[in-house]
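Subject: Structure handover and notes

Hello,

Please find the structure below, with my notes after it.

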Amino acid sequence: MSGFIEGLPKVELHLHIEGTLEPELVFALARRNDVKLAYADQAALKAAYQFSDLQSFLDIYYQGSRVLLNEQDFFDMTWAYLTRAHAEQVRHTEIFFDPQAHTARGVPFAVVISGIHRALEQARQEWGMTSRLIMSFLRHLSEQDAFDTLKDAMPFKDKITGVGLDSSEQGNPPAKFGRVYAACQELGFRLVAHAGEEGPPENIRDALDVLSVERIDHGVAAIRDPELMARLAAEHVPLTQCPLSNLRLRVVDKMSDHPLLRLLQAGVKVTINSDDPAYFGGYMNANYQAVQQGLGASDQQLLVITLNAVNACWLSPEEKARLS
Ligand code: HPA
Ligand code: ZN
């Protein structure tokens, strides 16, 4: 691992907290909560992390989430992530959580957000590490389910900065959530959405035009559409890209095919993030390293990409000035 990458202060903008559950913690929580797992041990679980596409990953990711039942579980998961991120010089992190993956199992919204928030607060107090929370709607579920979740979130509105859209992109285009996003905008939430991960460039356009998002999560498909690339560059739309995720979910066949540097060279504000690091083989440093080794990025380019994340994050100008 290069000393430059290790020492670089970083900002993470695309991280699913449920995707940070390491096999060890999955089994520890399963024991603590008496949850039966479909895998005999950690090695068997890890062996199942051979993904053919996004859906094959999501099936295992939602299985893993079943061990989360109590406030302390959500705290422990979040604290484990923050500890790793802190060790990798992540100074600020904007974290997705999937409330529907838990409320559908009878875990109250309050339990989920309280455990996550308590860990974020502790990281702020102990290390000065800042964070924001992004409530993500599961796009394979209905519009009504998203509206119900938005209602559940209302008592905790002060703890949630933005909303996002994740899960199965195929068959669930942005327009399905046009009214939900309009309501969220009205309520003052910042807006982002996963688009162009497995879906077409059209989904990126619709996320911008129909959902009014300010950042695109992934946006890999933009490389296939020069006009869209020019628009993303001209409008300074940040892309929160996740190289190891895209490799593991076969969005790209090999790292050298990843469009991140080509997008950067076209003037697009790309950033590097870890997505679901427990499942995809690495946290922030490993993703930076993949861009350095797989794409040949220079230290100067990695610095520009990091400054893109500083610019794209939701801290105030005063808080941003304190990041370095
Ligand atoms: N894509 C879509 N949905 C997700 C992901 C992802 O990479 N991770 C967790 N939910
Ligand atoms: Zn994601």
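**Glu197 and its surroundings**

Glu197 counts as buried, because it has 24 C-beta neighbours inside 10 Å. (A residue is buried if 20 or more other C-beta atoms lie within 10 Å of its own, exposed if 12 or fewer, and partly exposed in between; C-beta atoms are placed from the backbone.) Before going further: this is a predicted model, in which local features need pLDDT of at least 70 and side-chain atom pairs count only at pLDDT 80 or more, while totals for chains, interfaces and linings use all residues. Residues are numbered from 1 along each chain as its sequence is written, and chains are lettered from A and ligands numbered from 1 in the order in which they are written.

The unreviewed UniProt entry lists Glu197 under "active site". UniProt positions are given in the numbering used here, feature names are shortened, and annotations may be inferred rather than shown by experiment. Glu197 sits in the loop between strand S5 (190-195) and helix H10 (201-209). Helices (H or I, at least four residues) and strands (E, at least two) are DSSP runs, numbered from the N terminus. Leaving out residues up to four places away in sequence, Glu197 touches Leu54, Glu169, His218, Val220 and Val251; contact means that the C-beta atoms, placed from the backbone, lie within 7 Å.

**Ligand 1**

Glu197 is also one of the residues that surround ligand 1.

**Two histidines with positive phi**

Most residues other than glycine have a negative phi. His218, a contact of Glu197, has a positive phi near 80°. His218 belongs to strand S6 (residues 215-218) and is buried, with 27 other C-beta atoms within 10 Å. The phi of His236 is also positive, at about 55°. His236 lies in the loop between H11 and strand S7 (238-241), and with 13 C-beta neighbours inside 10 Å it counts as partly exposed.

**Helix H11**

Which residues of helix H11 (residues 226-234) are buried? They are Leu228, Met229 and Leu232. These cover an arc of only 105° around the axis, so they are on the same side of H11; the arc is that of the directions from the helix axis to the C-beta atoms. On the other side of H11, Pro226, Glu227 and Ala234 are exposed. The cover over the buried residues of H11 includes H10 and helix H13 (260-265).

**Strand S3**

Strand S3 (residues 130-138) has eight of its nine residues buried, so it is largely enclosed by the rest of the structure. S3 pairs with strand S2 (residues 90-97) in the parallel sense over six bridges; strands pair if DSSP finds at least two bridges between them. Thr93 stands opposite Ser131 in S3. S3 and strand S4 (residues 162-166) run parallel and are joined by five bridges. Met135 has Val163 in S4 as its bridge partner.

**Arg179**

Arg179 is in helix H9 (residues 178-186) and counts as exposed, with 12 C-beta neighbours inside 10 Å. Its C-alpha atom is 9.2 Å from that of Val210, 31 residues apart along the chain.

Regards

Terms used. A residue is near a molecule or strand if its C-beta atom, placed from the backbone, lies within 6 Å of it.
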